[in-house]
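Colleague: I am new to reading models like this one. Could you take me through some features, one at a time?

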Amino acid sequence: MNRKRTYLKWLAAMTMMIFIWSGFAVQAQGPQMAHLSMGYRPIGAWMEPARFSITNNPGVGDITIIEADISNFYSDFLEVVNPALPYVLESGATTTEFGITCTDEVVTPGAFNGDFAIIYHGDRALATATYDGTAYSPLPADVVETASSLGTYSVPASGIIERPTSDDRQLGGYYKNYILPNDIGTGPEENDNVYSFTLLNDRIVTLQSTANVNFAIYAEDFNGEPGPMASNALYQAYSNLTAPLFAGNYYLVISSLEGWLVNFGTSDMPSPDAVTYLAPADGAINITNGMFLSWEFGENTYEYQLMLGTTYPPTTVAVPWTTTLLESYQLAGLQPNMQYFWQVNVRNSNGTTLGPVWGFTTTIDVPQGLTATVVDNAPSFPVVSVNLNWTGTSDRAFLGYNVYRDGVKINTTPVATSEYSD
């Protein structure tokens, strides 16, 4: 690490010459060229990385970036974000894969700044930009890591959430730390406040405010992401939000440009709506293995199960209760010429809703192993006949076989056995 920092400082003196010669531009996202303002960065808390927009100006050809580095790590509070290296940036292309993020290192609050550089073309060329920001200690309810608890709920309840009064950003108050879905603003005048709550059973959560605030609710694991983002919110709305939530832990982020007062409430979640079946139609025929049952879930569904069998109602469990809400099932192992019944049931912690029972009939097996034996008793008997034999793979309730010669049916009544003489 020390060698890399020394190398960066040594190349910094050549930056301007190489920057002009290469036709290669690095600029921060925003109005100011070649500078990235990281704003206020909370100590000990996650925040999306600040990213550069790097453009490979046409005329240079494709370039291969082999290294990215910064000159000031602010006691290991800062680190570089980059894709897998080496990274090929095509001529005329732009990437935002490179940037700077903050670690969980605990440091002294204060301002930081430095140079960012990328090395390319076999360490013979360098392009740089500058960056700055301020590390600060987040207050309660400022970030996820210092979220204020709204409590634990299992019965209907109501309460009031009030914006914290420490709002003077010059004195170290609350800051804009997250990009929420449909943000109403991203400037320094907007701030986020974060709250946690726990539901012991499935509830309907309501949020109401007279102010123009942006509500976003997240699962405790942020759907596999490191924190609140525009892409992983469970629910988002302005000023009023109704969210059916299942038992678990959640985060609520409230973002606003103004003061606010929010009414927070929980109520019982009703039993889930019944599933809507899509295919095959009730009473469908000629169903074969490999085809799909499909349906759509209604509101408030937490788990489902699929029953499939030859009894009415079906008693065989094809899909046991699961929270992975798939809306189709591929048929397999079906017997030919049989009537099957299926049913999709759904439930949450407040009740179970049974789906209707639909039926279908599988296709009749195609006869196999057809043989034809010519019987010619000439000259004593001038009529030539053909004895047909075949194998029927299923003898389940069917009317019989039809025999065709040159596309014309020649039997008058269904053939009950697997032979026929023409």
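Colleague: Where is Asn286 found?

Modeller: Asn286 sits in strand 21, residues 284-287. Keep in mind that this is a predicted model.

Colleague: What is the phi of Asn286?

Modeller: Phi is about 60 degrees, a positive value, although Asn286 is not a glycine.

Colleague: Is Asn286 buried, exposed or partly exposed?

Modeller: Buried means under 20% relative accessible area, and exposed means over 50%. Asn286 has 49%, so it is partly exposed.

Colleague: Which loop holds Asp76?

Modeller: Asp76 lies in the loop between strand 4 (63-70) and strand 5. Its phi is positive too, near 65 degrees, and Asp76 is not a glycine. At 43% relative accessibility, Asp76 counts as partly exposed.

Colleague: How do I read Ser239? Is it buried or exposed?

Modeller: Apply the cut-off of 20% again. Ser239 has a relative accessible area of 15%, so it is buried. It lies in the loop between strand 16 (235-238) and strand 17 (240-245).

Colleague: What does the side chain of Ser239 reach?

Modeller: It reaches the backbone oxygen of Ala211 at 2.8 Å. Leaving aside neighbours within four places in sequence, Ser239 is in contact with several residues, among them Leu207, Asn212 and Phe215.

Colleague: How many bridges pair strand 22 with strand 25?

Modeller: Three, in the antiparallel sense. Strand 22 covers residues 292-296. Its Leu293 stands opposite Tyr329 in strand 25.

Colleague: How many residues of strand 3 are buried?

Modeller: Six of its seven residues, so strand 3 (residues 50-56) is mostly covered. Two bridges join strand 3 to strand 8 (residues 99-102), and these strands run antiparallel. Here Arg51 stands opposite Gly99. Two bridges also join strand 3 to strand 7 (residues 94-95), again antiparallel. There Thr55 stands opposite Thr94.

Colleague: Last, which residues does a cis peptide bond join, with omega about 5 degrees?

Modeller: Leu85 and Pro86. Pro86 is in the loop between strand 5 (78-81) and strand 6 (87-89). A cis peptide bond also joins Tyr312 and Pro313, with omega about -10 degrees. Pro313 lies in the loop between strand 23 (303-309) and strand 24 (317-322).

How values were computed
Residues are numbered from 1 along each chain as its sequence is written. This is a predicted model: local features need pLDDT of at least 70, side-chain atom pairs count only at pLDDT 80 or more; totals for chains, interfaces and linings use all residues. Side-chain values use heavy atoms; hydrogens and water are left out. Two strands pair if DSSP finds at least two bridges between them. Helices (H or I, at least four residues) and strands (E, at least two) are DSSP runs, numbered from the N terminus. Buried means under 20% relative accessible area, exposed over 50%, partly exposed in between (1.4 Å probe, protein chains only). A polar contact is a pair of N or O atoms within 3.5 Å; within protein, one must be able to donate a hydrogen and the other to accept it, and residues adjacent in sequence count only if both atoms are side-chain atoms. Contact means heavy atoms within 4.5 Å.
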